[in-house]
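Hello,

Here is the structure I promised to pass on. Please open it alongside this message; my notes follow below.

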Amino acid sequence: MDQKQREKSLLTTWKEISSYLRCDEKTARRWEIKYALPIRRHAGQGKSRVHAYKEELDEWLKGHPYEKSLNKNQKNTRIKWQKGLIYIFMLIILVIFVFMFLVKNQKTNSPSDFKINGSTLIILNEKGRELWRFDTGLKNLIDESEYRMHFQTKKLDYSNGGYHFPYLIIKDINSDDQKEVIFNALADNQLRSRKLYCFNNKGDELWSFQAGKEIKFGSTTFSPDYWIKGFLAEDLDGDGKDEIFVICNNRFYAPTQFVVLDTEGNSIGAYWNFGRLVDFSFVDINSDGQREILLCGMNNEFESPCIIVFEIDSIKGGSPGKSTNSWQDVEIGTEKYYLVFPRTDVDRSYFASDSFKAIDNLSNNRLAVTTINSNISYELDYNLTLLDIRISHSFKKLYNKALSEGIIITDINDQKNKLAENILYFNGEKWIVTSAMSNSW
């Protein structure tokens with residue numbers, strides 16, 4: 001063997017030697033001691049400095065009486081690796097099985113549907129199996145068909161053009177990958193039904209909200225008898241958790257409480273309107289990337305329809321009065337806009353008051369509102385400036401009736417012009433007929 005081949009055959013550490021022999025270092029050292037493994041040492045450099053040549057090791061392996069034992073050891077090493085791979089594979093299969101079981105179990109235990117049985121709410125999974133139940137104690141709890149009409153989302157009522165708000169929502173409101181249940185326990189006479197409940201997926205009550213309180217407007221004190229008209233759960237501020245928006249109407253009189261709750265049931269905004277609020281929508285009207293809250297309904301002092309606009313982080317106080325703030329123990333409202341819409345001689349002849357029934361965001365960056373009684377529609381831009389008034393066939397029919405009965409003598413176009421000229425904006429101090437904000441952005 002020439003010098004180059006010999007250098008190529010050289011192994012200079014126990015690690016290289018044991019690797020060549022396919023055993024661990026401890027075994028190689030033991031073979032040197034017991035079976036004279038041909039290991040060489042550098043003169044004068046201690047026992048730890050070793051070297052060996054591959055051909056000498058090969059000869060030792062061929063002629064050594066313990067070759068079978070060595071081959072058996074190498075075979076055992078391979079078997080150990082094979083067993084290790086089998087164990088790893090089995091562990092992976094087990095992990096996948098456990099994961100699938102947990103996912104399936106979570107799905108099986110996830111609220112999906114419901115039933116109403118007497119006074120009891122029954123929550124079901126997606127296969128219709130009962131998960132848990134809650135007894136409201138209300139003997140006159142509205143029936144299941146009503147809850148079906150008011151389930152999960154805001155829905156259009158085709159009979160009158162208004163909207164149904166949910167009484168029951170099953171949704172993950174706090175991004176914990178578990179569905180919560182928010183439930184409006186509503187009695188058929190609207191009494192003793194002031195609570196909104198929130199449950200986790202196991203049926204544990206997380207929190208409850210009680211609507212209304214005794215409040216005074218002007219010289220009149222109104223009772224705390226409120227009912228929850230409906231609610232929505234939506235992430236408006238973009239923090240990954242929903243806000244819960246709730247409309248609460250006084251059972252007998254005018255005041256309406258609009259409340260915003262966080263996912264733990266804490267109030268993060270509350271506003272009092274002197275008059276029923278019937279609808280709200282979310283629209284980014286100032287193009288800042290965050291949607292505002294637009295409410296519509298009626299102002300009882302004016303006996304007329306109204307629109308109110310809020311930012312999510314500033315909802316408090318009460319609606320402005322005709323001349324001054326008439327609320328007692330309620331601060332001045334933080335609304336961005338408050339508009340009151342005029343009424344025609346026609347509808348005043350037949351109706352004591354009028355209200356908007358819905359507020360919609362149109363695809364051409366317009367807002368649309370329609371009155372309940374006169375059925376007149378207004379279109380406004382995002383600055384709440386009037387763009388158009390649409391007179392319905394039902395209003396024209398009512399107008400012709402009033403004209404034939406001698407109740408009115410004005411032309412229908414005059415009626416329309418008066419509407420356009422007399423929309424009132426509260427500018428933070430007084431009511432004016434030009435577009436203005438109550439509070440600036």
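This is a predicted model: local features need pLDDT of at least 70, side-chain atom pairs count only at pLDDT 80 or more; totals for chains, interfaces and linings use all residues.

Ser-175 sits in the loop between S9 and strand S10 (180-184). Phi of Ser-175 is near 60°, a positive value although the residue is not glycine. Asn-365 also has a phi near 60°, again positive and again in a residue other than glycine. Look for Asn-365 in the loop between S24 and strand S25 (367-371). As background, most residues other than glycine have a negative phi.

The largest pocket holds about 250 Å³ of space. It is lined by 14 residues, and the closest to its centre are Thr-153, Lys-154, Leu-232, Glu-234 and Phe-282. Which elements give two or more residues to this lining? They are strand S9 (168-171), strand S15 (226-234), strand S19 (277-283) and strand S24 (356-361). By class, the lining of the largest pocket has seven nonpolar, three polar and four charged residues.

The second largest pocket holds about 170 Å³. Its lining consists of Asp-157, Asn-160, Gly-162, Tyr-163, His-164, Lys-229, Val-278, Lys-357 and Ile-372. That lining splits into three nonpolar, three polar and three charged residues.

How many cavities of 30 Å³ or more does a search of the whole structure find? The search finds one. The largest cavity has a volume of about 60 Å³. Its lining takes in Pro-305, Phe-341, Pro-342, Arg-343, Thr-344, Asp-347, Asp-354, Thr-371, Ser-374, Ile-376, Tyr-378 and Leu-419. Six of the residues lining the largest cavity are nonpolar, three are polar and three are charged.

On to the helices. Two packed helices are described by the angle between their axes and the distance between the axes. Take helix H2 (residues 14-21) and helix H4 (residues 54-63) first. Their axes come within 11 Å and cross at roughly 45°. That angle makes H2 oblique to H4. The crossing of H2 and H4 is right-handed. On the H2 side, the contact uses Ile-17, Tyr-20 and Leu-21. On the H4 side, it uses Lys-54, Leu-57, Asp-58 and Leu-61. Five of the residues in the contact of H2 with H4 are nonpolar, none is polar and two are charged.

H2 also packs against helix H3 (residues 25-35). Here the axes come within 8 Å and cross at roughly 90°. H2 and H3 are therefore roughly perpendicular to each other. H2 brings Trp-14, Lys-15, Ser-18 and Leu-21 to this contact, and H3 brings Glu-25, Ala-28, Arg-29, Trp-31 and Glu-32. The contact of H2 with H3 divides into four nonpolar, one polar and four charged residues. Leu-21 of H2 takes part in the contact with H4 and in the contact with H3.

Which residues does Leu-424 contact, leaving aside its neighbours within four places in sequence? They are Phe-302, Tyr-338, Leu-339, Val-340, Trp-431, Ile-432 and Val-433. Tyr-338 is 86 residues away from Leu-424 along the chain, and their C-alpha atoms are separated by 8.4 Å.

Best wishes

Terms used:
Residues are numbered from 1 along each chain as its sequence is written. Side-chain values use heavy atoms; hydrogens and water are left out. On a 1 Å grid over the protein atoms alone, a cavity is a set of points where a 1.4 Å probe fits but cannot get out, and a pocket is an open set with protein on both sides within 12 Å along at least five of seven lines; lining residues have an atom within 4 Å of a point. Grid points are joined across faces, edges and corners, and a volume is the space filled by probe spheres set on the points. Helices (H or I, at least four residues) and strands (E, at least two) are DSSP runs, numbered from the N terminus. Ala, Val, Leu, Ile, Met, Phe, Trp, Tyr, Cys and Pro count as nonpolar, Asp, Glu, Lys and Arg as charged, and the others, Gly among them, as polar. Axes are lines fitted to C-alpha atoms, for helices over the stretch in contact, and angles run from 0 to 180 degrees between N-to-C directions. Angles under 35 degrees count as roughly parallel, over 145 as roughly antiparallel, 65 to 115 as roughly perpendicular and the rest as oblique. A crossing is left-handed if the near helix is turned anticlockwise from the far one by less than a right angle, and right-handed if clockwise. Contact means heavy atoms within 4.5 Å.
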